[in-house]
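I opened the notebook to look up a few things about packing in this model. Here is what I wrote down, entry by entry.

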Amino acid sequence: MSKILVTGGMGYIGSHTVVELQNSGFEVIIIDNLSNSSIEVLTGIEKITGIRPDFENIDCVDYVNLDRMLESRPDIDGIIHFAASKAVGESVEKPLLYYHNNLVSLINLLQLMPIHKIRNFVFSSSCTVYGQPDELPVSEQAPIKPACSPYGNTKQICEEIIRDTVHAARNDYKAILLRYFNPIGAHPSALIGELPNGVPNNLLPFVTQTAMGIRPELKVFGNDYNTPDGSCIRDYINVVDLARAHVVAIKRMINQVSTANIETFNLGTGRGLSVLEIINSFERVNGVKVPYQIVGRREGDIEQVWAAPDFANKALGWKALETIDDTLKSAWAWEKHLAEVKAEKENGHE
Ligand code: UFG
């Protein structure tokens, strides 16, 4: 059985990937510092898969502890590296925190890989590297644009660090860079999903919290863009579809399907949806209202971006399968699950 280390495996995309890995027969070790996740995620994963994954609370910037952990768990076949700080706005306020967390974590892992004879690496990258592309849909060949935030810059620099490292190591490393578009939704069981820290920055958690009455109203950032309804367009991809792509990517390296030592894939659906389309579809499929107000543009927002996922579809044999309606239903089911858990806790404390 192949053994995979998942950093940030308690987080949103990480936890869904752990589920798909375990369901595909991989043995998983999770490391996570729980800075943006909860230990209860382990129970969700266990309920879905019947397996409680091996977990250690470790920060990837801590080289000594990482080394010790890898020493105690030999024969790891690959690493999927999710652990990173990811809030665009916070990165503008605290750039050094972002450069430190995201770059040092990566460098530590890459340094430790040859020491512990780990050869395969999957990196969580983002379509943010394309900025506002000149052509849509955007393919992997599109030029990298200057980053709009320190967070975005860390993704670009990390990609370069991985490229240089793989190149220097000749055939000792293989890496796959996965550029995510906008992951949304939750596991169909509603046992794991996104756990936003405080007020959500991203659209979907804000939509579900507003529908639940946690937030009085959603602010739609701008309706004067050059798009059919004036609101921004994104490629929203179901998180389980996204998770499945990681399993395919790690298998591709372990089974040496490709001769390339480094490959980059766009992970999106190939379809762009506007903010207003998302709100309308969410209301329609779930039968709930999302009060909203149009406000001014949000600084740094890209007008429109969606993926050309053809290379991933062909080379990986992977395709985003879930419909947007089912995805929006899963997001709502997860928000309702969170409300139930909260109510149970409050009742338990009375
Ligand atoms: N939006 C609103 N109101 C909100 C939140 C978002 O109208 O309360 C709009 C945004 O203006 C944007 C769209 O919803 O048009 C999606 O916004 P998100 O914040 O959910 O996602 P972004 O596309 O801005 O950013 C996401 C990730 C980043 C990543 C980027 C890559 O959050 O980490 O995709 O493009 F870098």
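**Entry 1: A175.** I started with the burial of A175: its relative accessible area is 1%, so A175 counts as buried, the cut-off being under 20%. I keep in mind that this is a predicted model. I then looked up where A175 sits, and found it in strand 6, which spans residues 174-180. Which residues does A175 touch, leaving out those up to four places away in sequence? My list reads F121, I162, V166, M253, N261, I262 and E263. I also checked a pair along the chain: A175 and I39 are 136 residues apart in sequence, and their C-alpha atoms are separated by 29 Å.

**Entry 2: the cores.** Next I asked how many residues the largest nonpolar core has. I noted 37, and the residues with the most contacts inside this core are L21, I30, L178, I250, L267 and W318. At least two residues of this core come from each of several elements, including strand 1 (3-7), helix 1 (12-23), strand 6 and strand 11 (262-267). Helix 8 gives the largest share, eight residues. A background reminder to myself: nonpolar side chains in soluble globular proteins tend to be buried together.

Beyond four places in sequence, L267 touches L178, R179, Y180, F181, I237, L242, A245, A312 and W318. I also found a second, separate core of 28 residues, with L110, I118, C158 and Y173 among them.

**Entry 3: helix 9 and helix 11.** I looked up how helix 9 (residues 275-286) meets helix 11 (residues 324-348): their axes come within 9 Å and cross at roughly 75 degrees. Angles of 65 to 115 degrees count as roughly perpendicular, so helix 9 is roughly perpendicular to helix 11. On the helix 9 side I listed I278, S281, F282, R284, V285 and N286, and on the helix 11 side I324, D325, L328, K329 and W332. Sorted by class, this contact has six nonpolar, two polar and three charged residues.

**Entry 4: helix 3 and helix 5.** My last pair was helix 3 (residues 63-72) with helix 5 (residues 95-115), which pack at about 35 degrees with axes 11 Å apart. Is the crossing left-handed or right-handed? I noted that helix 3 passes helix 5 in a right-handed crossing. Y63, L66, D67 and L70 of helix 3 meet N108, L109, Q111, L112 and I115 of helix 5. By class, I wrote down six nonpolar, two polar and one charged residues for the contact of helix 3 with helix 5.

Note on methods. Residues numbered from 1 in each chain as written. Predicted model: local features only at pLDDT ≥ 70, side-chain atom pairs only at ≥ 80, totals over all residues. Heavy atoms only, no water. Helix = DSSP H or I, 4+ residues; strand = E, 2+ residues; numbered from the N terminus. Buried < 20%, exposed > 50% of the residue type's maximum accessible area, 1.4 Å probe, protein only. Contact = heavy atoms within 4.5 Å. Core = buried A, V, L, I, M, F, W, Y, C linked by side-chain atoms within 4.5 Å. Axes fitted to C-alpha atoms, helices over the stretch in contact; angles between N-to-C directions. Parallel < 35°, antiparallel > 145°, perpendicular 65-115°, else oblique. Nonpolar A, V, L, I, M, F, W, Y, C, P; charged D, E, K, R; others polar. Left-handed = near helix turned anticlockwise from the far one by under 90°.
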